[in-house]
Amino acid sequence: LCITWINVSWTFVEPILAKRLDSFFHLGKKEIGVIFSLSNVVYIPAAFLLQFAFVGVNMRKRRFIVLLSIAITPVAVLLIGSGSIHCLIFGMLLLGLFPSPVWIMLLPSMQEDSLAIYPDTRHRRVANDLTAGIYNSFMILGQVVGYVFGPALNVTVGFGNTTWIVSGLILMQAISYYYFVLSNASDARLKSVRKA
């Protein structure tokens with residue numbers, strides 16, 4: 001579910017931000033296009049840097065980075081919901097940066113966990129394929145939820161309140177990731193050490 005809510009943070013903005021930039025900030029199509037591209041301008045180099053920055057880092061540190069990324073993403077969402085164009089621009093830049101570790105490092109983490117559960121070489125390919133399928137399914141679910149959730153909330157409670165709600169949901173996801181993933185990973189390692 002982690003990838004779902006992080007993807008919601010990204011996609012809830014798309015259907016409602018252009019209208020806000022036009023009606024609230026009175027920006028033209030060119031300026032709106034530039035603001036929409038900001039998150040991608042940051043995401044692309046961040047994705048490449050993350051690939052190389054954390055090579056050889058153990059899985060516990062990677063999981064902590066994912067947790068930190070999830071916990072900080074609500075700040076970007078709240079900045080986008082502010083009434084200042086400068087905060088909104090900064091929020092879009094941060095939205096390209098903060099979720100990047102989740103998208104980049106979560107799949108290898110999931111694959112390592114599944115391979116630890118199914119260590120037999122006959123099951124490795126199936127476990128790997130299922131893990132990738134689950135990851136991508138929840139990523140798409142996040143896009144669908146974001147595209148439906150954003151406009152529905154925007155009409156009901158307004159843009160600013162929508163960003164607060166989405167931020168709260170992402171923060172709850174960070175808390176649940178900490179308790180369910182990090183705690184369980186530590187318990188699983190402890191049990192495997194005791195068996196050995």
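The following dialogue explains how to read selected features of a predicted model.

Biologist: Which conventions apply to this model?

Modeller: The model is predicted, so local features need pLDDT of at least 70 and side-chain atom pairs count only at pLDDT 80 or more, while totals for chains, interfaces and linings use all residues. Residues are numbered from 1 along each chain as its sequence is written, and side-chain values use heavy atoms, with hydrogens and water left out.

Biologist: How many helices and strands does the secondary structure of the chain come to?

Modeller: Helices (H or I, at least four residues) and strands (E, at least two) are DSSP runs, numbered from the N terminus. Here there are 8 helices and 0 strands, and the pattern along the sequence is α-α-α-α-α-α-α-α. The C-alpha trace spans about 65 × 35 × 25 Å along its principal axes.

Biologist: What share of contacts in the chain joins residues at least 24 apart?

Modeller: Contact means heavy atoms within 4.5 Å. Among contacts between residues at least 6 apart in sequence, 79% join residues at least 24 apart.

Biologist: What share of the 196 residues do buried residues make up?

Modeller: Buried means under 20% relative accessible area, exposed over 50%, and partly exposed in between, with a 1.4 Å probe and protein chains only. Buried residues make up 38% of the 196 residues in the chain.

Biologist: Which residues have the most contacts inside the largest nonpolar core?

Modeller: In soluble globular proteins, nonpolar side chains tend to be buried together. A nonpolar core is a set of buried Ala, Val, Leu, Ile, Met, Phe, Trp, Tyr and Cys residues joined through side-chain atoms within 4.5 Å. The largest one in this model has 41 residues, and L17, I70 and M92 have the most contacts inside it. The elements giving two or more residues to this core are α1 (2–11), α2 (13–23), α3 (29–53), α4 (59–80), α5 (85–97), α6 (100–117) and α8 (159–195). The largest share, 8 residues, comes from α4.

Biologist: How does the reach of α4 stand against the expected span, and where does its kink lie?

Modeller: The expected span of a helix is 1.5 Å times one less than its number of residues. With 22 residues, α4 reaches 32 Å from its first C-alpha to its last, close to the 32 Å expected at 1.5 Å a residue. The bend at a residue is the angle between axes fitted to the seven residues ending there and the seven starting there. In α4 a kink of about 25 degrees lies at A71, shortly before the proline P74.

Biologist: Where is the kink in α3 centred, and which residues of that helix are buried?

Modeller: An α-helix has 3.6 residues a turn, so residues three or four places apart point the same way. The kink in α3, of about 35 degrees, is centred on S37. This helix has 25 residues and reaches 37 Å from first C-alpha to last, close to the 36 Å expected at 1.5 Å a residue. Its buried residues are I32, I35, L38, S39, A46, A47 and L50.

Biologist: How many aromatic pairs are counted?

Modeller: Rings of Phe, Tyr and Trp (its six-membered ring) pair if their centres lie within 6.5 Å; planes under 30 degrees apart count as stacked, over 60 as edge-to-face and the rest as tilted. By this rule there are 2 aromatic pairs. F24 and F25 are edge-to-face, at 4.8 Å centre to centre and 85 degrees between the planes. F24 is partly exposed at 43%, whereas F25 is buried at 16%. Y178 and Y179 are also edge-to-face, at 5.1 Å and 80 degrees.

Biologist: Which residues does L107 touch beyond four places in sequence?

Modeller: L107 is found in helix α6 and touches T131, A132 and Y135, not counting residues up to four places away. S114 also lies in α6 and, leaving aside its neighbours within four places, is in contact with A127 and T131. S114 counts as buried at 11% relative accessibility, whereas L107 is partly exposed at 21%.
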